[in-house]
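Here are my notes on the model. Please read them with the structure open.

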Amino acid sequence: AADAAILTERQRDVLRLLARGLPNKVIARDLGLTEGTVKVHLLAIFRALGARNRTDAVLIAQRRRLPEA
């Protein structure tokens, strides 16, 4: 999907775990990142999707049928 190209591979990894409802701490642990790095990725995801928050990002990704959602 063209929309998926707006996210980096790592951002797609974060979005996939976010869509499962996981907190930043668990996303960080699962991906071998710091919580701060996860937050940076989340902000980039929000910006790329035009989302206001975590829930909004997942809903937008689902509406756009991004495979990570």
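**Notes on the predicted model**

1. Just after helix 3, glycine 50 takes a positive phi of about 75°. Helices here are DSSP runs of H or I with at least four residues, numbered from the N terminus.

2. This is a predicted model, in which local features need pLDDT of at least 70 and side-chain atom pairs count only at pLDDT 80 or more, while totals for chains, interfaces and linings use all residues. Residues are numbered from 1 along each chain as its sequence is written, and side-chain values use heavy atoms, with hydrogens and water left out.

3. Helix 3 covers residues 35–49, 15 residues in total. From first C-alpha to last it reaches 21 Å, close to the 21 Å expected at 1.5 Å a residue; the expected span is 1.5 Å times one less than the number of residues. Val38, His41, Leu42, Ala44, Ile45, Phe46 and Leu49 of helix 3 are buried (under 20% relative accessible area; exposed is over 50%, partly exposed in between, with a 1.4 Å probe and protein chains only). Their cover includes helix 1 (9–19), helix 2 (24–31) and helix 4 (54–63).

4. The largest nonpolar core has 21 residues, and Ile27, Ile45 and Leu49 touch the most other members. Such a core is a set of buried Ala, Val, Leu, Ile, Met, Phe, Trp, Tyr and Cys residues joined through side-chain atoms within 4.5 Å. Helices 1, 2, 3 and 4 each supply at least two residues of this core, and the largest share, five residues, comes from helix 3.

5. What does isoleucine 27 contact, leaving aside neighbours within four places in sequence? The partners are Val14, Leu17, Leu18, Leu22, Val38 and Arg54, where contact means heavy atoms within 4.5 Å.

6. The axes of helix 1 and helix 2 come within 10 Å and cross at roughly 130°. Axes are lines fitted to C-alpha atoms, for helices over the stretch in contact, and angles run from 0 to 180 degrees between N-to-C directions. The contact is made by Arg10, Asp13, Val14, Leu17 and Leu18 of helix 1 with Ile27, Asp30 and Leu31 of helix 2.

7. Arginine 65 lies in the segment after helix 4 and has a phi near 55°, a positive value in a residue other than glycine. Most residues other than glycine have a negative phi. Arginine 65 counts as exposed, at 69% relative accessibility.

8. Arginine 52 sits in the loop between helix 3 and helix 4 and is exposed, with a relative accessible area of 70%. Its C-alpha is separated by 18 Å from that of leucine 66, 14 residues apart along the chain.
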